[in-house]
Amino acid sequence: HHSYSLQFLTPPLLFFLYPSHHIFSSTMGRNLRNSAKVYKTPRRPYEKERMDRELRLIGQYGLKNKKEIWRVNLTLAKVRKTARTLLTLPQDDPKRILEGSALLRRLKSLGVLDEEQNKLDYVLSLKVEDFLERRLQTILFKVGIASSIHESRVLIFQRHIAVGAQTVNVPSFLVRVESEKQIGLSVSSSLQEGNKGGRVKRKKARSGNNDE
């Protein structure tokens with residue numbers, strides 16, 4: 001946990017910095033976790049230029065559908081909005097210093113921004129591709145564990161992939177820079193040497209023994 005207080009963070013930034021953060025009512029004990037939409041549909045659904053760009057991204061990054069792009073678009077819009085709001089404040093404003101440094105630190109840890117990009121202006125120039133490049137599915141293909149972007153998605157869904165000690169079965173999982181070197185086959189994966197193999201492989205082995 002970071003040392004700064006959560007009470008100074010705006011809601012969009014709070015849920016971006018702490019995606020799994022639960023906020024509980026101190027009086028009622030109810031879980032008040034944010035239940036807002038995770039994506040937003042385009043205002044002009046049949047705009048050709050946007051549709052062509054979305055189809056290109058789906059093919060390039062092996063996405064299931066356009067909703068995966070819209071989800072990233074919503075995250076990007078929230079991050080930009082936070083940066084724009086902070087830029088309207090004076091440079092020595094405590095809110096701008098606190099939230100601005102927290103936002104930049106988070107984006108750098110995800111590899112979305114480079115280490116030397118220390119200004120909020122850089123946040124405004126971010127693109128959807130910057131986030132798609134940090135997906136586990138994309139990185140798995142780029143480091144050579146998967147032979148294609150589509151095989152990468154299958155390996156993740158079938159629980160063959162781990163980041164550190166954690167098995168991850170979500171292709172859209174955003175990989176931190178420090179976790180990138182910890183990506184590999186999960187301990188329980190049938191692709192690991194010495195493991196029994198997958199369901200089909202075991203079935204073939206049993207049928208082969210029966211034939212003998």
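Helices here are DSSP runs of H or I, at least four residues long, numbered from the N terminus. Helix α2 is one such run, covering residues 48-61.

## Model and confidence

This is a predicted model. Mean pLDDT for the protein chain is 82. A share of 74% of its residues reaches 70 or more. Among the elements, α6 has the highest mean pLDDT, at 96. Helix α1, residues 11-17, has the lowest, at 50.

Two stretches call for care. Over residues 1-8 the pLDDT is below 50. That stretch still has 15 contacts in the model beyond near neighbours in sequence. Residues 18-28 also stay under 50. For them the model has 23 contacts beyond four places in sequence.

## Salt bridges on helix α2

The structure holds nine salt bridges. One of them joins the side chains of Asp-52 and Lys-48, at 2.7 Å from N to O. Both residues sit in helix α2. They are four residues apart, about one turn of the helix. Lys-48 is exposed, because its relative accessible area of 60% is over the 50% cut-off. Asp-52 has 39% relative accessibility, so it counts as partly exposed.

Arg-56 takes part in another bridge, this time with Glu-129. Their closest N and O atoms are 3.5 Å apart. This pair links distant parts of the chain: Arg-56 belongs to helix α2, Glu-129 to helix α6 (residues 128-132). The separation is 73 residues. Arg-56 is partly exposed, at 43% relative accessibility.

## A loop-to-loop bridge and a network

Arg-134 and Glu-180 form a salt bridge through their side chains, with 3.1 Å between N and O. Arg-134 lies in the loop between α6 and α7 (136-142), and Glu-180 in the loop between β2 (166-167) and β3 (183-185), so the bridge ties together parts 46 residues apart in sequence. Arg-134 is buried, because its 10% relative accessibility falls under the 20% cut-off. Glu-180 is partly exposed, at 30%.

Arg-50, Glu-54 and Lys-66 make up one network, joined by salt bridges that share partners.

## Helix α3

Helix α3 spans residues 66-87, 22 residues in total. From first C-alpha to last it reaches 31 Å. That is close to the 32 Å expected at 1.5 Å a residue.

Asn-65 caps the N-terminal end of α3. One of its side-chain oxygens lies 3.1 Å from the backbone nitrogen of Lys-67. Several residues of the helix are buried, including Trp-70, Val-72, Leu-74, Leu-76 and Val-79. Glu-68 and Thr-82 are also among the buried residues of α3.

## The sheet

Three strands form an open sheet in the order β2-β1-β3, with antiparallel pairing. β2 and β3 stand at the edges, each with a single partner strand, so one side of each has no neighbour in the sheet.

Strand β1 covers residues 161-163. It pairs with β3 in the antiparallel sense over three bridges. Val-163 stands opposite Ile-183 in β3. Strands of a sheet pair through backbone hydrogen bonds, either parallel or antiparallel.

Notes
Residues are numbered from 1 along each chain as its sequence is written. This is a predicted model: local features need pLDDT of at least 70, side-chain atom pairs count only at pLDDT 80 or more; totals for chains, interfaces and linings use all residues. Side-chain values use heavy atoms; hydrogens and water are left out. A salt bridge is a side-chain nitrogen of Lys or Arg within 4 Å of a carboxyl oxygen of Asp or Glu. Helices (H or I, at least four residues) and strands (E, at least two) are DSSP runs, numbered from the N terminus. Buried means under 20% relative accessible area, exposed over 50%, partly exposed in between (1.4 Å probe, protein chains only). pLDDT is the predictor's confidence in each residue, from 0 to 100. Contact means heavy atoms within 4.5 Å. Two strands pair if DSSP finds at least two bridges between them. The expected span of a helix is 1.5 Å times one less than its number of residues. A polar contact is a pair of N or O atoms within 3.5 Å; within protein, one must be able to donate a hydrogen and the other to accept it, and residues adjacent in sequence count only if both atoms are side-chain atoms.
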